[in-house]
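Hi,

Here's the structure I said I'd pass on to you. Have a look at it first, and then read on for what turned up in it.

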Amino acid sequence: PMTFTIQYNADLGIIESTLMNHVTPQEIRVGIIDAIVLSKEENTCRFLCDLTLVSSPISMINLYDLPKQFVSQGLSRTTRTAVLPPSSKSSKEKADFYETVCTNRGWKVNIFEGREAAINWLLNG
């Protein structure tokens, strides 16, 4: 079964990624690369990452290492990523950790409780 989907939303000009339950760290790494490739093809630097269906935990070390991929893939620092967090408390705490790690490294990553607020930030920031 698919655990990571990526699509370009042409109406909004954003890359939308949805992660499902039981997504693995390897699938996340591959998904990030695929999303970055798609963003270059579509000439956008706005991402919406929906984690609301994720309940299986990803380790802190895997989250900590993810921003290295942004650099290795040549992602622009003007990139904005809005994250819709998981509902479970432990998974939400990991999303908060990811936001902090990215912010500390100079990436614009924000967590939002609702899709509308996330899209407004992506389009108007």
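Predicted model: local features only at pLDDT ≥ 70, side-chain atom pairs only at ≥ 80, totals over all residues.

Residues are numbered from 1 along each chain as its sequence is written, and side-chain values use heavy atoms, with hydrogens and water left out.

**The cores**

Phe70 is one of the residues with the most contacts inside the largest nonpolar core, along with Leu19, Ile28 and Tyr98. That core has 25 residues. By nonpolar core I mean a set of buried Ala, Val, Leu, Ile, Met, Phe, Trp, Tyr and Cys residues joined through side-chain atoms within 4.5 Å. Buried is under 20% relative accessible area, exposed is over 50%, and partly exposed is in between (1.4 Å probe, protein chains only).

Which elements give two or more residues to this core? They are β2, α1, β3, α2, α3 and β5, and α1 gives the most, with five residues. The names come from DSSP runs numbered from the N terminus: helices are H or I with at least four residues, strands are E with at least two. There is also a second, separate core of nine residues, including Ile14, Ala82, Phe112 and Ala118. As background, nonpolar side chains in soluble globular proteins tend to be buried together.

**The cavities**

How many cavities of 30 Å³ or more does a search of the whole structure find? It finds two. A cavity is a set of points, on a 1 Å grid over the protein atoms alone, where a 1.4 Å probe fits but cannot get out; lining residues have an atom within 4 Å of a point. Grid points are joined across faces, edges and corners, and the volume is the space filled by probe spheres set on the points.

The largest cavity holds about 510 Å³ of space. It is lined by 33 residues, and the closest to its centre are Leu19, Cys49, Leu51, Leu66 and Tyr98. At least two lining residues come from each of β2 (14-19), α1 (25-42), β3 (46-50), α2 (60-72), β4 (80-84), α3 (89-104) and β5 (108-111). By class, that lining has 25 nonpolar, five polar and three charged residues. For these classes, Ala, Val, Leu, Ile, Met, Phe, Trp, Tyr, Cys and Pro count as nonpolar, Asp, Glu, Lys and Arg as charged, and the others, Gly among them, as polar.

The second largest cavity has a volume of about 40 Å³. Pro25, Ile28, Arg29, Ile58, Asn62, Leu63 and Leu66 line it, with α1 and α2 each supplying at least two of the lining residues. This lining divides into five nonpolar, one polar and one charged.

**The salt bridges**

There are five salt bridges in the whole structure, each one a side-chain nitrogen of Lys or Arg within 4 Å of a carboxyl oxygen of Asp or Glu. Glu16 and Arg115 form one of them, at 2.8 Å from N to O. Glu16 is in strand β2 and Arg115 in helix α4 (residues 115-124), so this pair ties together parts that are 99 residues apart in sequence. Glu16 counts as buried at 11% relative accessibility, while Arg115 is partly exposed at 38%.

Lys89 pairs with Glu93, the closest N and O atoms being 3.1 Å apart. Both lie in helix α3, four residues apart, about one turn of the helix. Lys89 is exposed, at 65% relative accessible area, and Glu93 is partly exposed, at 41%.

Another salt bridge joins Glu113 and Lys92 (3.8 Å, N to O). This pair links distant parts of the chain, with Glu113 in the loop between β5 and α4 and Lys92 in helix α3, 21 residues apart. Shared partners join Lys92, Asp96 and Glu113 into one network.

Finally, check the loops. His22, in the loop between β2 and α1, has a positive phi of about 65° although it is not a glycine. Asn43, in the loop between α1 and β3, also isn't a glycine, yet has a positive phi of about 55°. His22 is exposed at 58% relative accessible area, and Asn43 is exposed at 72%.

Cheers

How values were computed. 1 Å grid on protein atoms, 1.4 Å probe; cavity = no way out; pocket = protein on both sides within 12 Å on 5 of 7 lines; lining within 4 Å.
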